[in-house]
Amino acid sequence: MDTTVGFYDGNSEAYSKKTFGADLSELRSHLVRHLPEGASVLDLGCGSGRDSLAFSRMGYRVTAMDASEGMCRMTERNTGIRAEKRRYQDLDRTDEFDGVWACCSLLHCPSDELPDVLGRVRRSLKKGGVFFCCFKKGDFEGEREGRHYLDLDVRRLGRLLEDAGFEIIELWEEKDFRGDLFWTNAVSRVRV
C-alpha cells in the first residue's frame with residue numbers, strides 16, 4: 001500500500017490532469033438515485049476531487065478523504081473542499097454518511113484487508129445508507145504500473161459485499177469508454 005500512496009504522491013499533478021475532466025455523471029447517477037436530498041456523502045479515495053466537486057454541486061454535504069497527501073492537495077486546489085488524509089484501513093466513522101462513493105479507489109486495497117475495510121465502510125453509513133465501489137474486472141492481485149491492484153469479478157465482489165453486511169442493489173460489468181478494459185461495479189445498501 002505504501003508504494004501505491006507513494007505513486008500518487010509523486011504523480012498527483014499528472015494524475016489530476018488526467019482524471020479531473022472525465023465525465024462520470026452516468027456512473028454517479030447509480031448512487032445518486034438512492035440518496036436523500038442534502039445527503040452526506042463520503043468520497044473515499046477522492047483523488048483529484050472530481051466527484052467531490054460534482055456531489056457538492058448537487059447539494060450534498062461532502063467529506064473528501066484520500067491516503068495520498070498529494071491527492072488531498074489536488075482535491076483542495078481543484079475544488080476548494082478540504083480533503084482529509086486518511087487510509088481506508090483507518091476509517092473510523094459511525095452512522096455518519098448517507099452514501100459512500102469509492103470510485104477506482106478500493107481496487108488498491110489488498111484482498112486480505114478488504115473485508116475489514118468493507119466493514120468500516122458499512123459502519124460509517126447510516127441505517128439504509130448506500131455504497132458504490134468499482135474494481136477492474138478479473139482475478140489479478142499484485143503490482144501493476146507502480147501500484148497494488150486487486151481485480152474482482154461480479155461473483156466475488158457480490159460475495160464480499162454480502163459478507164460485510166450489504167444488500168446488493170446493482171451489480172454489473174461494463175466496458176471502459178477508453179478501450180478494452182472492463183469494470184466490475186456495485187451499488188449496495190446497508191442490510192437492516
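In β5 of this predicted model, V130 is the bridge partner of G99. Five bridges in total join β4 to β5, and the two strands run parallel. Strand β4 is mostly covered, with six of its six residues buried.

Strand β2 (residues 61–66) runs parallel to β3, joined to it by three bridges. Within this pair, D66 stands opposite K85 of β3.

The largest nonpolar core has 47 residues. Those with the most contacts inside it are L44, L106, F131, F132, C133 and F135. Strand β5 provides the largest share of this core, seven residues. Beyond its neighbours within four places in sequence, L44 is in contact with M65, Y88, V100, W101, A102, S105, L106 and V121. A second core is separate and has five residues, including C46, A64, C72 and I81.

One of the L44 contacts is S105. This serine lies in the loop between β4 (97–102) and α6 (114–124). S105 counts as buried because its relative accessibility is 3%, against a cut-off of under 20%. Leaving out residues up to four places away in sequence, S105 touches L44, G45 and Y88. A polar atom of the S105 side chain lies 2.7 Å from the backbone oxygen of L44.

Helix α5 (69–79) has a cap at its N-terminal end, formed by S68. A side-chain oxygen of S68 lies 3.3 Å from the backbone nitrogen of G70. Along α5, the residues G70, M71, C72, M74, T75 and T79 are buried. Their cover includes α1, α2, α4, β2 and β3. One of these buried residues, C72, is also part of the second core. The helix is followed by G80, whose phi is positive, near 80°.

Helix α2 (residues 12–19) has S12, S16 and T19 buried. These residues cover an arc of only 80° around the axis, so they sit on the same side of α2. An α-helix has 3.6 residues a turn, so residues three or four places apart point the same way. On the other side of α2, A14, K17 and K18 are exposed. The buried residues of α2 pack against α1 (2–10), α4 (50–57) and α5.

Notes: Residues numbered from 1 in each chain as written. Predicted model: local features only at pLDDT ≥ 70, side-chain atom pairs only at ≥ 80, totals over all residues. Heavy atoms only, no water. Buried < 20%, exposed > 50% of the residue type's maximum accessible area, 1.4 Å probe, protein only. Helix = DSSP H or I, 4+ residues; strand = E, 2+ residues; numbered from the N terminus. Arc of directions from axis to C-beta. Contact = heavy atoms within 4.5 Å. Polar contact = N/O pair within 3.5 Å; in protein donor to acceptor, adjacent residues only side chain to side chain. Pairing = 2+ DSSP bridges. Core = buried A, V, L, I, M, F, W, Y, C linked by side-chain atoms within 4.5 Å.
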